[in-house]
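The sequence and the structure are shown first.

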Amino acid sequence: MPLIILAAILVIVHTLTNGQYGFHRDELATIDDARHLAWGFVAYPPVTPFVGRVALELFGPSLAGLRFFAALAQALAVILTGLMTRELGGRRSEQLIAALAVAIAPLSIIAGELFQYVSFDYLWWVVTAWMMIRLLKSEDPRWWVGVGAAVGLGLMTKYTMGVLVIAIAGGLLPTPARRFLKSVWLLAGVAVALAIFLPNVLWQIRHHLISFDFLRSIHARDVRIGRASGFLLNQLFIPASFLTIPLWGAGLHYYFFTADGRRYRPIGWMFAISFVVFLVAQARDYYMAPAYPMLLAAGAVRLTSRTGARRLAWVALAAGGALGILLLPIAPVNSSLWNKVSGRMDDFREEIGWPELVDAVTAVRDSLPAGERAGARILTGNYGEAGAIDLYGPAHGLPNAISGINSYWLRGYGDPPPQTLIVLGLSRQLLERSFESCEVAGHITNRYSVGNEETRDHPDIYVCRNLRKPWPEFWKDFQYFG
């Protein structure tokens, strides 16, 4: 019951604070994909857009309604961390300590306040870890079926679940638990995972493995601009609170160096192998976040069994919770606190100004000659702009956006091909090469004068006419990833 109460408080806090600003650009793209359900999308597998569709059906385009499911995913991860602790022999207080350690983790807080695949990927990793602990404790190989289901759903959420699959196999091999790899129930679990994942595999085949092209492109970009640097150092601050370092450090020690943890040593290897794979692959620091709950669960058992250590843990968790509150979207825009938080992470800045962007595009549309207005289309450079046009534009009579980015490119440019385009998010040089005429017709601003990607990097709105190439030829070369 205490775990459920804690999870309920977490959902309530997120729901009450998640409507402070606006949709993030990533959320706008996911909402658009939710309206075009398929077995796959360029940027991710289909589970997150499917959950987004459920949110749209239940709540409409509600910020708090959409993010409710992200908060719920994190709340379930918190409960499961407590249950992992119980399976490892932890008492109620130790279960709460482990659960709170997950709740105050920076990545967990962010995953509860933004509707992204990260939120659900986190949950499936924790579900899988809990089931693996149940398998090792009970020595009942039928748990492989549950593991297979969690892995399948994880792969349908984020492809990095494949790293955990490698870690599970690698974690069992050097321990006596490798006998479970001979079980027929493992084959049943693999069959379940493949059955769940198969529709996305078929979608990828039909679309020439486009998501792998996307992943290669995005990874190269991240390495080039430095987003993949600092992986080791940031493990102390991003995936889990730095105040819980003794806790997850004790969890590693428990799995690898204690007699009680010997049965669960494959769990320690699951963490270690995942860590090495992501490190070698130059992954971003937050990819490891869903692996930390399995350490925090064991650390709560190992470290807080003594009264003094337990008291210190509660103090550390209270301090970590106070710091974690700063990551919630509660500060007024442009306040000193907002500036400090948004200076370290740009998520808040990218939630500002989308309705104003659509208002500016509407003003440009209304300024067109009457003969052009009805047939004009809107070409955007990124998915945030396209998603904003599609979400807020219908109220202004705007058509859906077209774009060359990610899944928008697959949806094409419409029929008949447009002659007049309102363009935003693309460079003037590209437009002048592509169209016979382009002129600046408006600018993107927001009422808070917040500098973000739209107002800082490409604030101009153009009207462009007469594409130099035939549309099919232009569109074939216009595909890009972001």
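In this predicted model, G52 has its place in helix α3, which spans residues 47-59. With a relative accessibility of 2%, G52 falls under the 20% cut-off and therefore counts as buried. Leaving aside residues up to four places away in sequence, G52 touches A34, L66 and F115. The C-alpha atoms of G52 and L37 are separated by 9.9 Å, and these two residues lie 15 apart along the chain.

A34, one of the residues touched by G52, also belongs to helix α2, where it is buried. Helix α2 covers residues 25-34, and nine of its 10 residues are buried, so this helix is largely enclosed by the rest of the structure. The buried residues of α2 are R25, E27, L28, A29, T30, I31, D32, D33 and A34.

**Helix packing around α4**

Two helix contacts involve α4, one with α1 and another with α5. Helix α1, residues 2-17, packs with α4 at an angle of about 155°, and their axes are 9 Å apart. That angle makes α1 roughly antiparallel to α4, because angles over 145 degrees count as such. In passing α4, α1 makes a right-handed crossing. From α1, the contact draws on L3, I4, L6, A7, L10, V11, H14 and T15, while α4 contributes A64, F68, A71, L72, Q74, A75, V78, I79, G82 and L83. By class, the residues of this contact between α1 and α4 comprise 14 nonpolar and four polar, with no charged ones.

Helix α4, residues 63-87, also meets helix α5, residues 92-103; their axes come within 8 Å and cross at roughly 145°. Here too the crossing, in which α4 passes α5, is right-handed. On the α4 side the residues in contact are V78, T81, G82, T85 and R86, and on the α5 side they are E94, Q95, A98, A99, V102 and A103. The contact of α4 with α5 consists of five nonpolar, four polar and two charged residues. V78 and G82 of α4 are listed in the contact with α1 and again in the contact with α5.

**The five-stranded sheet**

Five strands form an open sheet in the order β2-β1-β3-β5-β4, and the pairing in this sheet is mixed. The edge strands, each pairing on one side only, are β2 and β4, the latter at residues 435-443. From one strand to the next, the twist averages 30°. The pairings are set out below, together with the number of bridges and an example of bridge partners for each.

| Strand pair | Sense | Bridges | Example of partners |
|---|---|---|---|
| β1 and β2 | parallel | three bridges | T380 and S403 |
| β1 and β3 | parallel | four bridges | T380 and L424 |
| β3 and β5 | antiparallel | five bridges | T420 and R465 |
| β4 and β5 | antiparallel | seven bridges | V440 and Y462 |

Strand β1, residues 377-380, is covered on both faces, since R377 and L379 on one side and I378 and T380 on the other are all buried. T380 has a bridge partner in β3, namely L424, and another in β2, namely S403. The bridge partner of I378 in β3 is I422.

Strand β3, at residues 420-424, is mostly covered, with five of its five residues buried. In a regular strand the side chains alternate between the two faces of the sheet. In β3, T420, I422 and L424 point one way while L421 and V423 point the other way, and all of these are buried.

Which helices lie against these strands? Helix α18, residues 354-367, lies across β1, β3, β4 and β5, and runs at about 155° to β3. Helix α20, residues 383-392, packs on the sheet as well, where it touches β1, β2 and β3, and its direction makes about 150° with that of β1.

Definitions and conventions:
Residues numbered from 1 in each chain as written. Predicted model: local features only at pLDDT ≥ 70, side-chain atom pairs only at ≥ 80, totals over all residues. Heavy atoms only, no water. Axes fitted to C-alpha atoms, helices over the stretch in contact; angles between N-to-C directions. Left-handed = near helix turned anticlockwise from the far one by under 90°. Contact = heavy atoms within 4.5 Å. Nonpolar A, V, L, I, M, F, W, Y, C, P; charged D, E, K, R; others polar. Parallel < 35°, antiparallel > 145°, perpendicular 65-115°, else oblique. Buried < 20%, exposed > 50% of the residue type's maximum accessible area, 1.4 Å probe, protein only. Pairing = 2+ DSSP bridges.
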